[in-house]
Amino acid sequence: MSQDAYRLISPSGNEIELPLHEGTTGPGVIDIGKLYREQGVFTYDPGFVATGSCSSDITFIDGEKGVLMYRGYPVEQLAEHSNFLEVAYLLQHGDLPTADELADYENTIRYHTMLNEGMLSFFKGFRYDAHPMAMLSAVVGSMSAYYHDSTNVHDPEHRDIFAHRIVAKLPTVAAAAYKKNIGQPFMYPQNHLNYSENLLHMLFAVPAEDYEIDPIAAEALDLLFILHADHEQNCSTSVVRMAGSSAANPYSAIAAGISALWGPAHGGANEAVLQMLEEIGDASQIPKYVAKAKDRDDPFRLMGFGHRVYKNFDPRATIIREMCHKVLARLGRQDTPLFDLALELEQVALKDEFFIEKNLYPNVDFYSGIIYRALGIPTSMFTVMFALGRSVGWTAHWREMIADPKGKISRPRQLYTGPAQRDYVQVDAR
Ligand code: SDX
């Protein structure tokens with residue numbers, strides 16, 4: 001018997017050996033590939049709580065120790081020493097770039113930031129108050145109708161062009177959606193600006209006057225994008241992989257990921273956190289809302305708390321909390337009632353037996369919205385900001401999936417609980 005295998009005994013006494021595969025670090029996986037063929041049964045794991053969907057070289061999370069690594073580099077080190085486009089290169093290509101490689105990558109992204117003029121007409125058709133995530137998903141999906149020159153998913157050069165276009169153009173689409181919502185004219189990207197500076201320019205500049213970019217705001221955005229860049233097989237990344245596994249147009253796979261991220265249980269939580277803090281209002285109301293969160297008959301959940309993987313703390317939340325203090329102080333924002341309320345809520349929840357027992361700690365979404373708000377970004381744009389960061393993770397995972405020579409279309413099975421076979425009944429006999 002192989003030592004690196006699990007042995008399963010069926011109810012009828014059959015024994016099956018299931019190979020155990022070990023990765024670089026983290027839990028091993030039991031390969032169940034032959035289970036149905038030899039035993040006629042499936043495994044069952046709604047929500048994939050304990051199921052590995054693939055092998056990947058990109059990101060590693062240790063939920064118990066609060067570890068997050070991009071291609072082996074701890075996110076804390078990247079947050080301190082790197083910048084978002086360098087992290088984008090790392091996630092997509094596997095190693096930190098040389099100075100020349102980084103300069104070349106930055107130029108490639110810089111010269112792909114403009115949209116086809118025809119795409120701007122979509123924004124004329126949206127309602128003025130359309131949610132920016134709806135506009136982002138729609139316009140990114142429409143890229144599959146524009147860029148026929150780079151949709152051969154089996155051509156490595158086309159994969160590069162696709163990835164460059166997603167990373168470069170999402171900020172332009174995001175800013176256009178914001179300008180639609182506030183009724184201001186669209187601002188074109190400026191090639192002399194870096195990624196985060198360009199986004200600030202496209203969001204807040206107007207044709208009527210010069211716009212001065214606040215370096216603190218650009219620095220804070222760049223850090224938030226690094227922290228949101230990837231997170232292994234999270235919901236939206238899994239959707240991108242699944243949509244891409246049919247060899248569908250890659251732009252539509254990213255549009256599917258954007259839609260999945262929008263949910264309040266996932267990337268939509270940052271918007272929901274601010275709405276929750278505003279609903280709580282002040283610290284005197286915290287006990288009432290904590291009690292609601294603990295009441296199993298009440299659907300209310302403490303937004304920004306809890307995580308499928310992190311069961312001690314989300315390392316990103318720790319970094320963002322520290323950055324909150326710095327950004328608010330350096331922006332001279334004294335009116336930080338929401339941040340003070342968030343700090344108080346965190347302290348109350350972390351001392352509460354319910355949250356301790358269920359391992360519910362602040363996640364990446366708990367503080368990020370406070371910084372976005374301090375930078376003048378409206379709540380409706382918070383998940384869009386998350387999508388800009390995660391766009392590099394989505395494209396990295398799509399490239400890894402599509403390049404896998406053993407890759408196959410994702411097609412899970414099920415436990416059928418519907419009616420047993422029955423015969424058709426004519427309508428007059430029903
Ligand atoms: C992100 O996967 C990723 O990596 C995601 C992400 C990324 O970078 O891609 O990290 C980004 O999505 C962060 C999560 C943002 N969502 C929220 O903040 C929404 C609030 N959180 C919950 O909805 C919840 O914690 C989840 C969805 C994040 C995790 O849900 P799980 O792992 O499926 O856990 P669960 O729903 O089974 O909850 C376990 C228990 C339940 O109680 P019981 O049924 O066991 O009695 O904990 C309770 C839940 O009711 N619970 C909460 C809670 N989160 C879980 N109770 C109150 N408030 C909460 N926030």
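This is a predicted model: local features need pLDDT of at least 70, side-chain atom pairs count only at pLDDT 80 or more; totals for chains, interfaces and linings use all residues.
Gln-426 sits in the segment after α18, a helix that spans 382-402. Is Gln-426 buried or exposed? Its relative accessibility is 51%, and exposed means over 50%, so Gln-426 counts as exposed. Please find Gly-369 as well, which is 57 residues from Gln-426 along the chain. The C-alpha atoms of Gln-426 and Gly-369 are separated by 57 Å.

Let us now step back into helix α18 itself, where Thr-395 lies. Thr-395 has a relative accessible area of 0%, and buried means under 20%, so Thr-395 is classed as buried. Which side chain does the side chain of Thr-395 contact? The partner is the side chain of Gln-92, and this polar contact has a length of 2.9 Å.

Tyr-178 has its place in helix α7, and with a relative accessible area of 10% Tyr-178 is buried. In sequence, Tyr-178 and Ala-387 are 209 residues apart, while in space their C-alpha atoms are 14 Å apart. Pro-189 is found in the loop between α7 (156-182) and α8 (195-204). With a relative accessible area of 8%, Pro-189 is buried too.

Another loop deserves a moment. Asn-234 is placed in the loop between α9 and α10, the latter being 235-244. This residue is buried, at a relative accessible area of 12%. The side chain of Asn-234 makes a polar contact of 2.8 Å with the side chain of Ser-236.

We come now to two residues with a particular backbone angle. Phe-48 has a phi near 55°, which is a positive value in a residue other than glycine. Where is Phe-48? It lies in the loop between α1 (35-39) and β4 (59-62). Phe-48 is exposed, with a relative accessible area of 54%. Arg-71 likewise has a positive phi without being glycine, in this case near 50°. Its place is in the loop between β5 (67-70) and β6 (73-74).

The ligand is our next subject. How many residues surround the ligand? There are 24, and the closest are His-231, Leu-302, His-307, Arg-316 and Arg-390. By class, this shell divides into 10 nonpolar, 7 polar and 7 charged residues. An N or O atom in the side chain of Arg-301 is 3.1 Å from an oxygen atom of the ligand. For Gly-304 it is a backbone N or O atom that lies 2.8 Å from a ligand oxygen atom. Phe-305 also takes part through a backbone N or O atom, which lies 2.9 Å from a nitrogen atom of the ligand. Taken alone, the ligand exposes 1000 Å², and the protein buries 78% of that area.

Finally, I would like to discuss empty space. Rolling a probe the size of a water molecule over the atoms shows where such space is left. The second largest pocket has a volume of about 340 Å³. Which residues of its lining lie nearest the centre of this pocket? They are Ala-79, Leu-223, Ile-319, Met-323 and Lys-326, out of 17 lining residues. Helices α2 (75-81), α9 (215-228) and α14 (315-330) each supply at least two residues of the lining. The lining comprises 8 nonpolar, 2 polar and 7 charged residues.

Thank you for your attention.

Terms used. Residues are numbered from 1 along each chain as its sequence is written. Side-chain values use heavy atoms; hydrogens and water are left out. On a 1 Å grid over the protein atoms alone, a cavity is a set of points where a 1.4 Å probe fits but cannot get out, and a pocket is an open set with protein on both sides within 12 Å along at least five of seven lines; lining residues have an atom within 4 Å of a point. Grid points are joined across faces, edges and corners, and a volume is the space filled by probe spheres set on the points. Helices (H or I, at least four residues) and strands (E, at least two) are DSSP runs, numbered from the N terminus. Ala, Val, Leu, Ile, Met, Phe, Trp, Tyr, Cys and Pro count as nonpolar, Asp, Glu, Lys and Arg as charged, and the others, Gly among them, as polar. A residue is near a molecule or strand if one of its heavy atoms lies within 4 Å of it. A polar contact is a pair of N or O atoms within 3.5 Å; within protein, one must be able to donate a hydrogen and the other to accept it, and residues adjacent in sequence count only if both atoms are side-chain atoms. Accessible areas come from the Shrake-Rupley method with a 1.4 Å probe; for residues, only the protein chains shown count as cover. Buried means under 20% relative accessible area, exposed over 50%, partly exposed in between (1.4 Å probe, protein chains only).
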